[in-house]
Amino acid sequence: MPRYAAIDVGSNSVRMLAAEVGSGGKTQILAEDRQVTRLGASVFETGRIDADALQLVCDNLARMAQIYRRLDVIGVRAVATSAVRDAANQHEFLERAMQALGSPIEIVSGQEEARLIHLGVHARWPHPDKRVLMVDVGGGSAEAILSENGVLSVAFSKPLGAVRLTEVFLRNDPPNPLELHRMNEYIEEKLATPVRRIGTRPFDRVIATSATAAAIVCALNKIPRSRRDEADRMRATATQLRKLYEDVRGRDVSERRKLVGIGPRRAELIVAGAAVFLRILEMFKQPAMNYSAAGVRDGIIADLAARGVGRELARLSREQRRTVEHMARRYGVQVNHARKVAELSHRLFEGIQPLHRLPPSYGKLLEASAYLHDIGHFVSDTSHHKHSFYLVMHSDMPGFTDTERQLIALLCRYHRKTMPSSRHSTFHAFDPESRRAILYLTPLLRLADSLDRGHEQRVTDVQVQLRNGSVALNLESPTDLDLELWAAERNADSFREAYQATVSLSKVKP
C-alpha cells in the first residue's frame with residue numbers, strides 16, 4: 001500500500017502526517033507530529049516573519065523530514081497557509097524552509113486550503129448524502145465550507161485565525177470590553193458574505209476542525225489534552241460554547257491554563273478562537289457543532305492517494321523500457337508476449353500490494369524481468385531459466401544499477417522450476433529485504449507468464465480481490481482461457497507457499 005507524507009506550515013504550528021493508504025482510501029497513520037511555532041505572530045504585527053520564528057520552523061521541518069523518510073513514503077506535499085501568504089519576506093522563508101525540508105513547499109490559496117480541509121474531513125468522517133457546514137479556525141484564517149452530498153459546493157476563507165485576531169485586537173490580559181467588542185464586530189463583518197451566500201437553513205451537521213475546536217470540545221467535556229483523540233466527533237452546543245467564551249474572556253492567561261483540555265499555548269488564543277466559532281453558530285443559526293480531528297494534512301494524504309502520486313515509481317522509465325525491449329528483441333523474444341507478461345505482472349503487483357507490502361520500486365524490477373525471463377531460449381530451450389539468469393547477470397543494462405540488474409536476473413532464474421532457496425549462493429548473498437522481495441515477486445512473475453501461456457494475449461485484464469486471507473483473480477477475456485487457467489493453476493502453489501494465502505482464478509467477461 002502506498003505511503004505518503006503531508007506537511008502543513010500553519011500560522012500557529014507546523015504539522016506532519018505520514019500515512020499508508022489502503023484499498024477504498026482507508027488510512028493507517030504511521031507517524032504524526034506537531035510543533036507550535038507562532039509563525040503568524042510577527043507577520044500579523046509587522047508584516048514579516050521574524051528570524052526566530054523562521055529558524056524554529058526550519059528546525060522542525062528538518063526533524064519531521066527525518067521521521068517520514070524512514071517510512072519509505074512515495075509522495076510528499078508540503079503547504080504553507082495564511083501567515084506565509086501575507087508575509088513580505090515569503091521568498092526568503094520558502095528558500096530556507098525548502099532547504100530544511102528537502103522538498104518543495106507551496107503557498108496555497110484560501111480556496112485550496114478549504115478544498116484540502118473538505119477532503120480531509122470526508123476521508124476521516126464521510127457524509128456522502130448530507131448537507132454539511134465545515135468550519136476550520138486556524139492561526140491566520142478561518143474557512144467556512146458547504147459540502148453537499150460529499151461534494152464541495154462553495155467555500156470561503158477569511159482572515160479570522162486565532163493568532164491573527166489575538167495579535168490585532170487583544171492587547172490586554174484579560175482583554176477589556178472594548179477590545180472584545182471591536183474583535184466581534186470584525187468577525188461579524190467578515191462572516192457576513194459567507195452567511196449570505198451559504199444561507200441559514202438547517203444543516204445535517206456542522207463539523208468544526210482545528211486545534212481550537214479540539215480545545216473547546218475537550219474543555220466542555222473535561223478531557224485532558226493527553227487524551228484529545230477521544231474528543232473526535234464529540235458535540236458542543238451553542239449554549240455550552242457561549243458559556244465557555246464568557247468564562248475564558250474574563251480570565252487572564254494563567255487562569256485559562258488551569259482549565260482542563262486547554263493547553264498552555266492554546267490558552268493564549270482560546271478567547272479569539274472561541275469567539276469565531278460562537279459567532280459562526282449564531283450567525284448561521286445552528287444549535288451545535290461536532291469536532292473532527294481531520295484537517296489539511298488528512299486532505300493532502302487523500303489527494304495524493306486519489307491522484308496516484310508515486311505510482312510511477314513502480315513502472316519502468318522510458319529509458320529502462322527501451323533497454324529491456326531492445327535486449328528482448330536481440331535474444332529473439334516475442335515482444336508482444338513480453339509486453340503482456342509485463343502488463344499482467346504490474347496488475348498483480350498493485351493488486352496484491354496489501355499482502356507483499358513492498359516499496360513501489362520493486363514493481364519496475366518485476367516488469368523488467370517480465371521482458372527478459374525468456375531470453376535464455378536463445379542459448380537453449382533446456383534450462384532456459386538458468387541461461388536467462390546468466391545473460392542478464394553479464395549484460396550491460398543502461399538505466400539500471402548493478403543491484404537492480406542482479407535482482408532482475410534472479411527473478412528470471414526463478415520464473416520456473418525451483419523457488420528461491422538459501423542453498424542458492426547468489427540468492428543468499430542478498431540482504432534480507434531483497435530476499436523477501438524475490439520470494440514475493442517470483443510467484444507474481446510465474447502467474448503473469450502463465451496467463452499468456454499461448455502467447456496470444458487472450459487475457460485483457462486482471463481484477464484482484466482480497467478477502468479474509470484469500471486472493472481471487474478474475475481474468476477478463478473475450479475468448480476461452482482453458483490453457484491459461486490450467487497453466488496458472490499449476491503455478492498457484494508457489495503463490496500459496498510464499499504468501500500463505502489461497503488463490504483462485506476465474507474468467508469473467510470484459
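This is a predicted model: local features need pLDDT of at least 70, side-chain atom pairs count only at pLDDT 80 or more; totals for chains, interfaces and linings use all residues.
Residues are numbered from 1 along each chain as its sequence is written, and side-chain values use heavy atoms, with hydrogens and water left out.

The two strands concerned are β6, residues 131-137, and β7, residues 142-148, which pair in the antiparallel sense over 7 bridges; strands pair here if DSSP finds at least two bridges between them, and the elements themselves are DSSP runs numbered from the N terminus, helices being H or I of at least four residues and strands E of at least two. They belong to an open sheet of 6 strands with mixed pairing, in the order β8-β7-β6-β9-β11-β10. At its edges stand β8 (151-158) and β10 (235-237), each with a single partner strand, so one side of each is left without a neighbour in the sheet. Neighbouring strands of this sheet are turned by 25° against each other on average, direction ignored, with axes taken as lines fitted to C-alpha atoms, for helices over the stretch in contact, and angles running from 0 to 180 degrees between N-to-C directions.

Helix α8, residues 211-221, packs on this sheet, touching β6, β9 (205-209), β10 and β11 (288-291), where contact means heavy atoms within 4.5 Å. The direction of α8 makes about 105° with that of β11.

Let me turn to the other sheet, which is open, has 3 strands in the order β12-β13-β14, and shows mixed pairing. Its edge strands are β12 (461-467) and β14 (502-508), each pairing on one side only. Between β12 and β13, residues 470-476, there are 7 bridges, and these strands run antiparallel; V464 stands opposite L473 in β13. Helix α14, residues 335-351, packs on the sheet by touching β12 and β13, its direction making about 20° with that of β12, whereas helix α21, residues 482-499, touches β13 and β14, with its direction at about 155° to that of β14.

Finally, which elements do the buried residues of α18 pack against? They pack against α16 (361-372), α17 (384-393), α19 (425-428) and α20 (432-450). Among the buried residues of α18 are R405, L407, I408 and R413, buried meaning under 20% relative accessible area with a 1.4 Å probe and protein chains only, as against exposed over 50% and partly exposed in between.
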